[in-house]
Structures are given as structure tokens and as C-alpha cells.
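Me: I would like to learn how to read helix packing and a nonpolar core from a set of coordinates. Could you take me through a case, giving the general idea before the particulars?

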Amino acid sequence: MRLVADLHVHSIASGHAYSTILEIAAAARDKGLLAVAVTDHGPTMPGGPHVYHFSNMATLPRDICGVRVLHGVEANILNKKGKIDLGYRYLKDLDIVLAGFHDPYEGGGVTENTDAMIAAMENPYVDFIVHPGNPRYPVDAEAIVKASIELGVPIEVNNASFGDSREGSIGPCSTIARLVADEDGRIIISSDAHFAYKVGEFGEAMRLVSECGIAPDQILNTSLEAVMAYLESRHNKRPSPNEQAFDDEKRR
Ligand SMILES: [Zn+2]
Ligand SMILES: [Zn+2]
């Protein structure tokens, strides 16, 4: 099985990552990837990018070093209503929107965390939920997998969770992965690279998902066509500007 796109990578714009987009694209090319998504943290992350980083992404070439570059964000889920830290006017022009829990989240118990994550999945701008197995923010795994399938929003298995970050993730991530396998859900596997050498590093996550019985056809980023078709289908569900059903105010 080969993964053709790394859909979760940080550049120096995140404030605590160490490579430029040019270095990231070159690394993706060297790893044989067809596409990479630049998904810097949302603006409430300490040291994170200003919103202008996101509104100016159109200036990036679509093809860098022969690799397709997707414009994205890893937004912070802020509260149990699932509010995220980038508004509609910025999200609407991005190719890919990840959302997950980080320091800016107000925190809560399993019920609050689960409600927050499901509410974020219900946001029509959110394409993927990242590292849902982070033990720092425990969730009801069954409810999350069920919502992921019902809402058609795949969850991520994050390779960095088994290395540099989020110690203690193997147990919760295995529970989630087994449920995804049993229920025929969809996932992405990503590196969450904060340095170019880590782009396209998927080994630990691949091992975990195969041990948990997830089949290759459940992993969206085994095919660039599948990734792009999925993102297009999500974009088609986004509210049009004048019927902006999804209102940031509602989630305050
Ligand atoms: Zn993250
Ligand atoms: Zn990340």
C-alpha cells in the first residue's frame, strides 16, 4: 500500500515548525508524493500565523517542485459548540480544513470533548478531524466513529502521535482504528510534520491501522483522485456566500 498525499504538514508559519513551503515541497517530491497540504495552525495557537497567512495563500504556486500543493489550515476547536478559530471569509478559499484539539481549546470531560468534536464535524467547512485519539482530550470513541461515518468526515491517524507528540496515543488510537475497521469508516494517514524530513513519514500509523484491520480502500490518501473528489464533494456542500447558513456567531 502506498500513500500518495500528505494532508497535514506545518511550515515555519506555525511558529513552532522549522521548514519553508519550498523545503516541504522538495521533501514531498523526494518521498515520491503527488501532493502535500500546507496546514499551519489556526491563529489562536500561541505563535501561530496571522489570518493574513490564510487569506494570501492564493499567491502560492499550485505546483512546487512537481508536487501539488493544497492550501489548508489545522484549525483549533475552541469550545464544546465546535467553534473553530478561523472564520468563513478565510475558510472559503482554502482547499482543505483540518480541525482538532490543542491548547486553545477550553477543555472538558469526555462528554464535552465528544460534543465539541462532533459539532466541529458538522461544520461544513471542516474536512477532517485530526488526532482524535489524543489522550489529553479523551472522547467517546464509538460516538466519534459513528459521527464520522454518518457525517462523511474522515478522521485522521496521525503518525506523529506515535513519535514526537501526544504520548499515550497508541491505546485510544487503536480503539478508534478498530471501530473504523469494524464499521467500514474512512480515515487519512498523515505525518503532521513540523520539519521537512518528516514529510511523508507514515510508518508507525500504517503499522497501527493494519494491525487494527483497516483495509487500504478505507484510507482516502491512497489515491489522489479520491482525495480531490472528496474535497470537491465537501466544497459543494459549503454554503454559498449569500445563504451562509453556517454562521460563526452561532457558535460563540
Ligand atoms: Zn495538531
Ligand atoms: Zn498538526
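Reply: Bear in mind that this is a predicted model. Helix packing is read from the axes, and here the axes of H5 and helix H6 (residues 170-183) come within 9 Å, crossing at roughly 45°. That angle makes H5 oblique to H6, and the crossing of H5 and H6 is right-handed.

Me: Which residues of H5 and H6 make the contact?

Reply: On the H5 side they are Ala-141, Glu-142, Ile-144, Val-145 and Ile-149, while H6 contributes Pro-172, Thr-175, Ile-176, Leu-179, Val-180 and Glu-183. Sorted by class, the contact of H5 with H6 comprises 8 nonpolar, 1 polar and 2 charged residues.

Me: How do the axes of H4 and H5 cross?

Reply: Helix H4 (residues 110-122) and helix H5 (residues 141-151) have axes that come within 10 Å and cross at roughly 10°; because angles under 35 degrees count as roughly parallel, H4 is roughly parallel to H5. Their contact joins Thr-114, Met-117, Ile-118, Met-121 and Glu-122 of H4 to Ala-143, Ile-144, Ala-147, Ser-148 and Leu-151 of H5, and by class it has 7 nonpolar, 2 polar and 1 charged residues.

Me: Which residues have the most contacts inside the largest nonpolar core?

Reply: In soluble globular proteins, nonpolar side chains tend to be buried together. In this model the largest nonpolar core has 73 residues, and those with the most contacts inside it are Ile-24, Val-36, Val-97 and Ala-99. Leaving aside residues up to four places away in sequence, Ile-24 touches Val-9, Ser-11, Ser-19, Val-36, Val-38, Ala-196 and Val-199.

Key:
Residues are numbered from 1 along each chain as its sequence is written. Chains are lettered from A and ligands numbered from 1 in the order in which they are written. This is a predicted model: local features need pLDDT of at least 70, side-chain atom pairs count only at pLDDT 80 or more; totals for chains, interfaces and linings use all residues. A nonpolar core is a set of buried Ala, Val, Leu, Ile, Met, Phe, Trp, Tyr and Cys residues joined through C-beta atoms within 7 Å. A residue is buried if 20 or more other C-beta atoms lie within 10 Å of its own, exposed if 12 or fewer, and partly exposed in between; C-beta atoms are placed from the backbone. Two residues are in contact if their C-beta atoms, placed from the backbone, lie within 7 Å. Axes are lines fitted to C-alpha atoms, for helices over the stretch in contact, and angles run from 0 to 180 degrees between N-to-C directions. Helices (H or I, at least four residues) and strands (E, at least two) are DSSP runs, numbered from the N terminus. Angles under 35 degrees count as roughly parallel, over 145 as roughly antiparallel, 65 to 115 as roughly perpendicular and the rest as oblique. Ala, Val, Leu, Ile, Met, Phe, Trp, Tyr, Cys and Pro count as nonpolar, Asp, Glu, Lys and Arg as charged, and the others, Gly among them, as polar. A crossing is left-handed if the near helix is turned anticlockwise from the far one by less than a right angle, and right-handed if clockwise.
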